[in-house]
Amino acid sequence: MIKTQLAAASIVGKVLAGASLTEVLANLWRADPALSKQQKGAIQDFSYGVLRFYGQLEAILNALLTKPLHDKCLPRLLLVSLYQLLYSKTQPHVIVDQAVSASRLLAGGKGMQGLVNAVLRNFIRQRESLVEQAAAGDTGRYSHPQWWIGKLRQQYPHNFQTILEASNQRPPMTLRVNQRKIPVADYCRLLAGNAIQAQWLGSNTVQLERPLVVEQLPGFTEGWVSVQDAGAQLAAPLLDVRDGMRVLDACAAPGGKSMHLLESASVSLTILDNDASRLERVRQNLERLQLTAEHLVCGDAEKTSDWWDGRCYDRILADVPCSASGVVRRHPDIKWLRRESDLVKFVKTQRSILNALWKILNKDGKLLYVTCSIFAEENINQIEKFLKSHPDARLLPLGGEIPVDGQLLPNTQHDGFFYALLQKN
């Protein structure tokens, strides 16, 4: 446990300094291939957990310390230990003993064992009152930045607390069954036969009771199933693609929605993304699912003249860059990496992409605007401004269980998404 505590403390420090959690973990796996599955699992759990509840944990730590710590590594180790004490099933004395031992290995950690021991044992004695004290402030209560909480309170005055609490939960693992390969009912029986508990949510969507590694999913290698959030699975049906259509998936990587489009109909699909390394993941998904796209293009959706062949599209999926505020339970680092000023940049980019793609859409064609955001600036406000400046655009009803305003909020079945279906008159 000492090694995993130290590794998680280092990861948390790098993320809070501005690095992506996904990238930091990937770098560690490459740098230390000797790590066991158990060690990787523990490091990932501690890292994600601290960042998920960082607001609460930092408030508790500040209450426990009589003065600020000059060593940068020690507070991170204490945060990891506090997360374990609050949220793991490991015996408290084991966590404390391991943290004390780990502190000896920190640079400048000599003589800090007594402090670590005192702080953690003090928390164990005062646990209830410290948790209550942390919850007195918004950041400590909801484990989100103050600006984020304030924005949601303003935009969702009646349910902002529910949104924040849902965003701190562990996300479900949801599958999209490839019905070109196997009917959903048959795949559900296959899961049951392998003692994998699951619930069919409708359409191609199956939610597992417990997450597991994809290698344990029946038929994963053969392309029978893919991992995709239930909210993200709404995109392909909403776009209403049919055989023979010319379709563009802009900002497509890693390609989950692209694959769903190809599973839905025999279309001529152009997959566009501005990141060559992410397009490689799309190629891998195409190969695993045994699907074929007409074109894979590395290009900028804002600069269509660089890659467009001059023929308009019948359908366009515009899954634009955004704050990702609707998927923070899968990426808790986003809460602490984002700044309120970032929204202005995202809104500008989204508007530019939307205007550029609209020009290459056929008359009577449909464009589906998608974000994984819950902020109105990137969503309904963006679409209202677009409609005012484009008289040839008409907003179509989404139907189904999607709210009239197109805003899906995170809950037990899906992440937060926004959808707007536009038709060109």
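**An enclosed strand and its setting**

A: Strand 6 (residues 268-273) is largely enclosed by the rest of the structure, because five of its six residues are buried. Buried means under 20% relative accessible area, exposed means over 50%, and partly exposed lies in between (1.4 Å probe, protein chains only). Helices (H or I, at least four residues) and strands (E, at least two) are DSSP runs, numbered from the N terminus. The model is predicted, so that local features need pLDDT of at least 70 and side-chain atom pairs count only at pLDDT 80 or more, while totals for chains, interfaces and linings use all residues. Residues are numbered from 1 along each chain as its sequence is written, and side-chain values use heavy atoms, with hydrogens and water left out.

Strand 6 has a partner in strand 5: the two pair in the parallel sense over four bridges, where pairing requires that DSSP finds at least two bridges between two strands.

The loop that runs between strand 5 (246-250) and helix 14 (256-264) contains Pro254. A cis peptide bond, with omega of about 5 degrees, joins Ala253 to Pro254. Most residues other than glycine have a negative phi, and most peptide bonds are trans.

Ser203, in the loop between strand 2 (198-202) and strand 3 (205-208), is not a glycine, yet its phi is positive, near 55 degrees. Asp364 also has a positive phi without being a glycine, at about 70 degrees. Asp364 belongs to strand 9 (residues 361-371), and it counts as exposed because its relative accessibility is 53%.

Strand 1 (residues 174-177) and strand 3 run antiparallel and are joined by three bridges; Arg176 stands opposite Thr205 in strand 3. Axes here are lines fitted to C-alpha atoms, for helices over the stretch in contact, with angles from 0 to 180 degrees between N-to-C directions; contact means heavy atoms within 4.5 Å.

The cysteines come next. A disulfide is a covalent bond between the sulfur atoms of two cysteines. With a cut-off of 2.5 Å between the sulfur atoms, the structure holds zero disulfides. For Cys251, the closest cysteine sulfur is in Cys322, and at 10 Å it is too far for a bond. Cys251 counts as buried because its relative accessibility is 17%. Cys372 is in no disulfide either, although the sulfur of Cys322, its nearest, is 3.5 Å away. With a relative accessible area of 19%, Cys372 is buried.

Rings of Phe, Tyr and Trp (its six-membered ring) pair if their centres lie within 6.5 Å; planes under 30 degrees apart are stacked, over 60 edge-to-face and the rest tilted. By this rule there are ten aromatic pairs. Trp358 and Phe386 form an edge-to-face pair, because their ring planes stand at 80 degrees, with the centres 5.3 Å apart. This pair links distant parts of the chain, as Trp358 is in helix 17 (residues 342-358) and Phe386 in helix 18 (residues 380-389), 28 residues apart. Trp358 counts as buried at 3% relative accessibility, and Phe386 counts as buried at 4%. Phe417 and Tyr419 make a stacked pair, because their planes are at 20 degrees, with centres 6.3 Å apart; both Phe417 and Tyr419 are buried. Elsewhere, ring pairs link Phe53, Tyr83 and Tyr87 into a cluster.

Finally, His390 returns the account to Trp358. His390 lies in the loop between helix 18 and strand 10 (393-396). With a relative accessible area of 15%, His390 is buried. Leaving aside residues up to four places away in sequence, His390 touches Asn355 and Trp358.
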